[in-house]
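Subject: Structure for you to look at

Hello,

I am passing on a structure that you have not worked with before. Please open it first, and then read the notes below it.

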Amino acid sequence: MMGVPLNKQQRKEGCLIMTILGIIAIIGLILFIMVEPKEPKVNVDKEKTTYILKEYYTPAEIVIIDSCEYLYLSEGHAIVLTHKGNCKNCKTKTQ
Ligand SMILES: [Zn+2]
């Protein structure tokens with residue numbers, strides 16, 4: 001495809017547009033680097049158990065959230081987090 005030859009003014013405008021786009025790209029890159037999310041701070045403890053469920057090969061773990069114990073299972077895309085039921089915290093509340 002043959003384009004229409006550009007005159008001096010059009011070339012100047014093209015150059016200006018490319019410069020502006022370049023500056024915008026650099027600003028965007030700087031913002032992307034500055035706003036990059038930091039790794040979240042872990043604030044929940046996990047304890048290993050010997051409980052192994054039928055479809056899970058890795059043992060369940062106990063996760064403690066606000067002093068309540070939850071059973072945590074994770075394998076592949078499946079995640080289970082359920083209240084342990086007889087957790088230490090709930091036992092002391094009912095006594
Ligand atoms: Zn509980």
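Predicted model: local features only at pLDDT ≥ 70, side-chain atom pairs only at ≥ 80, totals over all residues.

Two strands are taken to pair if DSSP finds at least two bridges between them.

Overall layout

The chain is divided into domain 1, residues 7–36, and domain 2, residues 45–94. Taken over C-alpha atoms, the centres of domain 1 and domain 2 are separated by 53 Å.

The helix

Helix H1 covers residues 8–35. Its 28 residues should span 40 Å at 1.5 Å a residue, and the end C-alpha atoms are 41 Å apart, which agrees. How many of the 28 residues of H1 are buried? The number is zero, so H1 lies largely in the open; to count as buried, a residue needs 20 or more other C-beta atoms within 10 Å of its own.

Strand E3 (residues 68–75) runs antiparallel to E4, and six bridges join them. Two of the pairs can be named: Leu71 has Thr82 in E4 as its bridge partner, and Glu75 has Ala78 in E4. The two strands form a hairpin with two residues between them, and in the turn Gly76 has a positive phi of about 60°. Strand E4 itself takes in residues 78–83. Of its six residues, zero are buried, so E4 lies largely in the open.

The hairpin of E2 and E3

E3 is also joined to E2 by five bridges, and these strands run antiparallel as well. Ile65 has Cys68 in E3 as its bridge partner. This hairpin, too, has two residues between the strands.

Most residues other than glycine have a negative phi. What are the phi values of Asp66 and Ser67? Asp66 has a positive phi near 50°, and Ser67 has a positive phi near 65°; neither residue is a glycine.

Regards

Definitions and conventions. Residues numbered from 1 in each chain as written. Domains from an automatic or database assignment. Buried ≥ 20, exposed ≤ 12 C-beta atoms within 10 Å, placed from the backbone. Helix = DSSP H or I, 4+ residues; strand = E, 2+ residues; numbered from the N terminus. Expected span 1.5 Å × (residues − 1).
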